[in-house]
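The sequence and the structure come before the discussion.

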Amino acid sequence: MKKFALLLLSLTLCFALAACGGSDTSADEQAAADDTAASTTADESADTSATSDKQTAIDEFNATSAAFNEVANAINADPSAFDSDVIDTMQQMSDLLNQYQQMLSGDDEYTQEDLDKMTEWFGQVQDWVDQVKADLNIE
């Protein structure tokens, strides 16, 4: 049952990463976007900054999810070799990653404080993942 849950968790995060991926834009679309950005007003510049901060959080989410998935895949390969506390921690992190993925993929705006909290948590997950990768000798 644990193997199934971890496999399901890993697949969910993989799909979440795919959903948060960037989109291809043609050179014409990019040039039009650059022209539009150059003509923004002060209010629009503030909106762009908020969007940029959200994109930073999305980028951090993507990196964190990728690292998390590496560890999840290693644990899925032999879950009986791991303490239930590790698996429980992975489940909790996965739940929160899924929550953040839903938040970041929506059109809702978030305060700088909310985005900073997300980014800080992503850093903590990265640290934990790095420690587990070192303990498991995962490259």
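## Basis of the values

This is a predicted model, in which local features need pLDDT of at least 70 and side-chain atom pairs count only at pLDDT 80 or more, whereas totals for chains, interfaces and linings use all residues. Residues are numbered from 1 along each chain as its sequence is written, and side-chain values use heavy atoms, with hydrogens and water left out.

## Lys54

Lys54 belongs to helix H3, residues 42-77, where helices are DSSP runs of H or I with at least four residues, numbered from the N terminus. Lys54 is buried and yet has no salt bridge, the nearest side chain of opposite charge being that of Glu109, 5.3 Å away. Buried here means under 20% relative accessible area, exposed means over 50%, and partly exposed lies in between, with a 1.4 Å probe and protein chains only. A salt bridge requires a side-chain nitrogen of Lys or Arg within 4 Å of a carboxyl oxygen of Asp or Glu; for charge, Lys and Arg count as positive and Asp and Glu as negative, while His and the chain ends are not counted.

A polar atom of the Lys54 side chain lies 3.0 Å from the backbone oxygen of Asp108. When residues up to four places away in sequence are not counted, Lys54 touches Met103, Leu104, Gly106, Asp107, Asp108 and Leu115, contact meaning heavy atoms within 4.5 Å.

## Salt bridges

The structure holds 2 salt bridges. In one of them, Glu70 pairs with Lys133, with the closest N and O atoms 3.2 Å apart; this pair links distant parts of the chain, since Glu70 is in helix H3 and Lys133 in helix H5 (residues 112-136), 63 residues apart. Glu70 is partly exposed, at a relative accessible area of 34%, whereas Lys133 is buried, at 14%.

Glu113 and Lys117 also meet in a salt bridge, at 3.5 Å from N to O. These two residues are 4 apart in helix H5, and therefore separated by about one helical turn.

## Aromatic rings

The count comes to 4 aromatic pairs, a pair being rings of Phe, Tyr or Trp (its six-membered ring) with centres within 6.5 Å, and planes under 30 degrees apart counting as stacked, over 60 as edge-to-face and the rest as tilted. The rings of Tyr100 and Trp121 have centres 5.6 Å apart and planes at 65°, so this pair is edge-to-face. Tyr100 is in helix H4 (residues 84-105) and Trp121 in helix H5, 21 residues apart, and both residues are buried. Ring pairs join Phe61, Tyr100, Trp121 and Phe122 into a cluster.

Notes. Polar contact = N/O pair within 3.5 Å; in protein donor to acceptor, adjacent residues only side chain to side chain.
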